[in-house]
Amino acid sequence: MRQIAALPYRSEGHAIDAPVRILLVTSRETRRWVIPKGNHPAGMSAHAAAALEAEEEAGVQGLICPEPLGSYRYRKKRRSGASLLIDVDVFPLAVSNELAAWKEQTQRERRWVSLSEAAEMVDEPDLRDLIRSFGQAEFRAAAQRTGILHAVAARSKVSGMFAWFQRLLPKSGNFFDLFEAHAMTVVAGANALSRLLQDGDRDHIREVIEREHDADEIIREVLTTVRETFLTPFDRGSITSLIGSLDDAIDEMQAAVQAIDLYDVTVFEPEMKDMAAIIVDAARLTAEAMPLLRDVARNGVRLHELTERLVRIESHGDDIHTAGLKRAFKELGPIDSLRFSVQREVYKHLERIIDAFEDVANEIDGIVIDHA
C-alpha cells in the first residue's frame, strides 16, 4: 500500500543558517508523534492530497512542493489483526498560515519542534532519517552515499596534485559571505512570489523588486572582488558563473511579478501555484548549499544530494509547466486568446526561474568535481 504525507516546516528567522522547525501531530489512536498523512484519493494529485491532510490534521496551510522529499515505510495494524507494510511519500510544506480551528483539532495535538527533536520523537527509522536530511547540520547521520562522488572525481580535469596544492594556498576575498547573502535574497524573493500567488496582495510585487535590487548590489561586489583578489577559493569563471546563475533566478522572479503587475493578473492557476512551491523549495536547497561551499572536500556528498534534488524538481517543474499550458490552451485558446497569452507569459517566467536553479545546481556540481 502507498500513502502520502506532508512535512510542515518553517524557518525561525531570515538568516541563511536560521534553524528549521517541523510541525508534528499525534496519531488519533496511539497518540504517537507523526507527520500529517493519509490515503491518496483518486482524482487528486499526491501533493494536493498531502496538503489537504496537513490542513485537516494539523491546521496549517501553505505551498507544498509537488516533488516528494523521499519516502518512508511503516507497519500498520488493522482491526482485523492484519499487519500491512505501507510506503509513504513525503512532500515538504512551507507553512504560511496556522488555523485557529481545523477539522481534527479535538482529536490531535500539534507541536512545533526542532529537526533534532522531531527526529527523536517519531518512531519510524526512515522518517527519522528524512527529517534529519532536511537540515544541513544533521545530514551526515542520514546519508552515507559516496560512490557517485568517487565516480565524478575520476572524470575531473583537475589533477590530484593541483587540488592538494590549491588547498594549501591562503584564501582571500569574502566570496562565501557574498554567496550566502545573495542566496538569502533569492529565498526572500521566492517567498514573496509564493505569497503573491497565494493571496494576491500586490505589496509582494514591490517586495520581489526590492530583493532583486539587493541582489544587484551583491553581484556588483562579487565582480569587483573577483577583479581585485589575487587568490580565489575557486576558479574565477566558476565564481562568476555561480553568482550569475543565482542572479538569473532573482531576475526572473522580478520579471514574473512585473508581468503579473502589467497584465493585472489576480487569479492564479493551480499549476502556477505548484511551480511557485517548487521555486520555494529550490531556493531553500540553494541557500543550504552556499555555506557548504566553504569546505567542498568535507561537504561534497551533501552538495551532490542537494544538486541532485534541484535537477529532479526542475524536471518536475517542466511537466507542470507543460500541463498548465495545455490546460490553458484547451480552456482559453478558442474563446479568449488574450487571457491565454497572459497566462503563457506568467508560465514562461516561472519556468525560467526553475531553470535558473538547475543552472545553479550545475555550477555547484562543477565546483564539487574540481575541488572535492
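Trainee: Is Arg-31 buried, partly exposed or exposed?
Mentor: Keep in mind that this is a predicted model. Arg-31 sits in the loop between β2 (20–26) and β3 (33–34), and its phi is positive, about 65°, although it is not a glycine. Its relative accessible area is 42%. Buried needs under 20% and exposed over 50%, so Arg-31 is partly exposed.

Trainee: And Asp-264, buried or exposed?
Mentor: Asp-264 lies in the loop between α8 (236–262) and α9 (270–292). Here too there's a positive phi in a residue other than glycine, near 55°. Its relative accessibility is 54%, and the cut-off is over 50%, so Asp-264 counts as exposed.

Trainee: How far apart are the end C-alpha atoms of helix α1?
Mentor: Helix α1 covers residues 46–58, which is 13 residues. At 1.5 Å a residue, it should span 18 Å. The model agrees with that: the end C-alpha atoms are 18 Å apart.

Trainee: Within what arc do the buried residues of α1 fall?
Mentor: The buried ones are His-47, Ala-49, Ala-50, Glu-53, Ala-54, Glu-57 and Ala-58. Looking down the axis of α1, you'd see them line one face of the helix, because they fall within an arc of 155°.

Trainee: Which element gives the largest share of the lining of the second largest pocket?
Mentor: That pocket has a volume of about 760 Å³. Of its 24 lining residues, the closest to the centre are Ser-27, Glu-29, Lys-37, Tyr-74 and Lys-76. Two or more lining residues come from each of β4 (37–39), α1 and β6 (70–77). The largest share, 4 residues, comes from β6.

Key. Residues numbered from 1 in each chain as written. Predicted model: local features only at pLDDT ≥ 70, side-chain atom pairs only at ≥ 80, totals over all residues. Heavy atoms only, no water. Expected span 1.5 Å × (residues − 1). Buried < 20%, exposed > 50% of the residue type's maximum accessible area, 1.4 Å probe, protein only. Arc of directions from axis to C-beta. 1 Å grid on protein atoms, 1.4 Å probe; cavity = no way out; pocket = protein on both sides within 12 Å on 5 of 7 lines; lining within 4 Å. Points joined across faces, edges and corners; volume = space filled by probe spheres on them.
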